[in-house]
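This report describes one protein chain for a reader who has not seen it before. Please look over the sequence and the structure first.

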Amino acid sequence: MRPMIVRHARPLAVAALVVGALLLAVALLSPQPTGMFAGAVLAVLGILQLVNPMLRIDAGEVRVCNPLGMTMKRFAVSSPADLTIDGKVLRHVPSGKKVVAVGFAADKSDVAALRAQLQPQPNA
């Protein structure tokens, strides 16, 4: 299995960044500082989602990462047959566990490339 990365959906990351920046700007103009915290958190979350992937697939393992880039779950894989996409959920076949949901929060082109790699290749 060749290494690949599934990124966060760019529109969601950009939206979090823009809303966070707007909240931060409005909070700086108002006398109440509570909006500054929310704006800063959303802006940082948007930046982290743009920079860090949500899923890394290497030769021997699949790693689910949080927006900070830390590995949250690991699954050992030996071949593409160890993974399957059931609807919008990536599953680890040997354990039967859900790896991650690859719905609207995942980049569509990365998910399409993953689907193509996991599909059995017809013999030519």
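## Surface and overall form

The protein chain exposes about 7,400 Å², and carbon and sulfur atoms supply 67% of that area. Accessible areas come from the Shrake-Rupley method with a 1.4 Å probe, and for residues only the protein chains shown count as cover.

The model is a predicted one: local features need pLDDT of at least 70, side-chain atom pairs count only at pLDDT 80 or more, and totals for chains, interfaces and linings use all residues. Residues are numbered from 1 along each chain as its sequence is written, and side-chain values use heavy atoms, with hydrogens and water left out.

The protein chain has 3 helices and 7 strands. Read from the N terminus, the order of elements is β-α-α-β-β-β-β-β-β-α. The radius of gyration is 18 Å, well over the 14 Å that the globule rule gives for 124 residues, so the protein chain is more spread out than a compact globule. Helices (H or I, at least four residues) and strands (E, at least two) are DSSP runs, numbered from the N terminus. The radius of gyration is taken over C-alpha atoms, and the globule rule is 2.2 Å times the number of residues to the power 0.38. Along its principal axes, the C-alpha trace spans about 65 × 25 × 20 Å.

Of the 124 residues in the protein chain, 33% are buried. Buried means under 20% relative accessible area, exposed means over 50%, and partly exposed lies in between (1.4 Å probe, protein chains only). Among contacts with a separation of 6 or more, 48% are between residues 24 or more positions apart; contact means heavy atoms within 4.5 Å.

## The nonpolar core

The largest nonpolar core has 19 residues, and those with the most contacts inside it are Leu55, Val62, Leu90, Val99, Val100 and Leu114. At least two residues of this core come from each of β1 (4-6), β2 (55-57), β3 (61-65), β5 (83-86), β7 (97-101) and α3 (108-118). The element that gives the most is α3, with 3 residues. A nonpolar core is a set of buried Ala, Val, Leu, Ile, Met, Phe, Trp, Tyr and Cys residues joined through side-chain atoms within 4.5 Å.

Leaving out residues up to four places away in sequence, Leu114 touches Met4, Val6, Leu55, Ile57, Ile85 and Leu90.

| Residue | Relative accessible area | Class |
|---|---|---|
| Cys65 | 8% | buried |
| Ala101 | 34% | partly exposed |
| Leu12 | 37% | partly exposed |
| Phe104 | 65% | exposed |

The contacts below leave aside sequence neighbours up to four places away.

Cys65 lies in strand β3. Its contacts are Pro53, Met54, Arg56, Met70, Thr71 and Met72. Between Cys65 and Val111, 46 residues apart along the chain, the C-alpha separation is 16 Å.

Ala101 belongs to strand β7 and touches Met54, Lys88 and Val89. Ala101 and Leu68 are 33 residues apart in sequence, with 18 Å from C-alpha to C-alpha.

Leu12 is part of helix α1 (residues 10-29). Gln49, Phe104 and Ala105 are its contacts.

Phe104 sits in the loop between β7 and α3, where it touches Ala9 and Leu12. Phe104 and His8 are 96 residues apart in sequence and 9.0 Å apart in space, C-alpha to C-alpha.
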